[in-house]
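Dear colleague,

I am pleased to hand over the structure shown below. Please look through it first; some notes on it follow.

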Amino acid sequence: AAAGIWLVAAAAAAFNCIVEQRIDARMARTAWRPTAKGELTNTQTLLFSSVLCALGCLVLWRWVNPLTMWLTLATFVGYAIVYTVLLKPATPQNIVIGGASGAMPPLLGWAAMRGEMGAEAWLLVLIIFVWTPPHFWALALYRSDDYARAGLPMLPVTHGNAFTRLQILLYTLVLFAATLLPFIQGMSGLVYLAAAVALGAWFIALAFRLWRAYSEALA
């Protein structure tokens, strides 16, 4: 299951490099990518991505179960097409909506082991889904000049630094509440609760400091 999911995830990452080749070349964070530097052609990258995706789907279908394969393939489409092609260049809420794809791995693992999509797995998906915006917006703050130069409507570019910092804090508070749900639901015990509270409090403290006063090091 891990090998099959890894192969399809790698295929999505490679396909993403084709779609964002010109954007990657303008951003310091991504200018090193072989597609951005012209070291690989789009045909080579597409072939590589297709082979990885086909191998991953074969592994999941043959040695795991069809449900996991279809969910993993849907995650590929959600990330490479819905997020990268449609949402990322169109709306500052791109990372909120597109974060659903990045949150899917717990559900994929659950489906691989149990052959169904349990409520517990969706709780883990929810945690990663809510974690994604404060995590990525902190990066977007740190690299806002890159995103502006690339013409991408990331939240710091469209709504400014202060508004983004406030959203990071608010989402972090929601994240803290979401991380308590596995304990409330009975899925996890006291060890998990202690870790969730301690790490959540630390995350909130960092987000609060960032909201009060921006610094690149803190972001």
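In which helix does Asp24 lie? Asp24 belongs to helix 2, residues 21-26; helices (H or I, at least four residues) are DSSP runs, numbered from the N terminus. Please note that this is a predicted model, in which local features need pLDDT of at least 70 and side-chain atom pairs count only at pLDDT 80 or more, while totals for chains, interfaces and linings use all residues. Residues are numbered from 1 along each chain as its sequence is written, and side-chain values use heavy atoms, with hydrogens and water left out.

Asp24 counts as buried because its relative accessibility is 2%, where buried means under 20% relative accessible area (1.4 Å probe, protein chains only). Apart from neighbours within four places in sequence, Asp24 is in contact (heavy atoms within 4.5 Å) with Cys17, Thr30, Ala31, Arg33 and Ala36.

Regarding the cysteines, the whole structure has zero disulfides, a disulfide being a pair of cysteine sulfur atoms within 2.5 Å. For Cys17, the nearest cysteine sulfur is that of Cys53, 15 Å away. For Cys53, the nearest is that of Cys57, 4.2 Å away. Cys17 is buried, with a relative accessible area of 14%, and Cys53 also counts as buried, at 13%.

Finally, helix 7 (residues 119-142) has 24 residues and reaches 36 Å from its first C-alpha to its last, close to the expected 34 Å; the expected span is 1.5 Å times one less than the number of residues. Helix 7 has a kink of about 30° at Thr132, shortly before the proline Pro133. The bend at a residue is the angle between axes fitted to the seven residues ending there and the seven starting there.

Yours sincerely

Note on methods. Helix = DSSP H or I, 4+ residues; strand = E, 2+ residues; numbered from the N terminus. Buried < 20%, exposed > 50% of the residue type's maximum accessible area, 1.4 Å probe, protein only.
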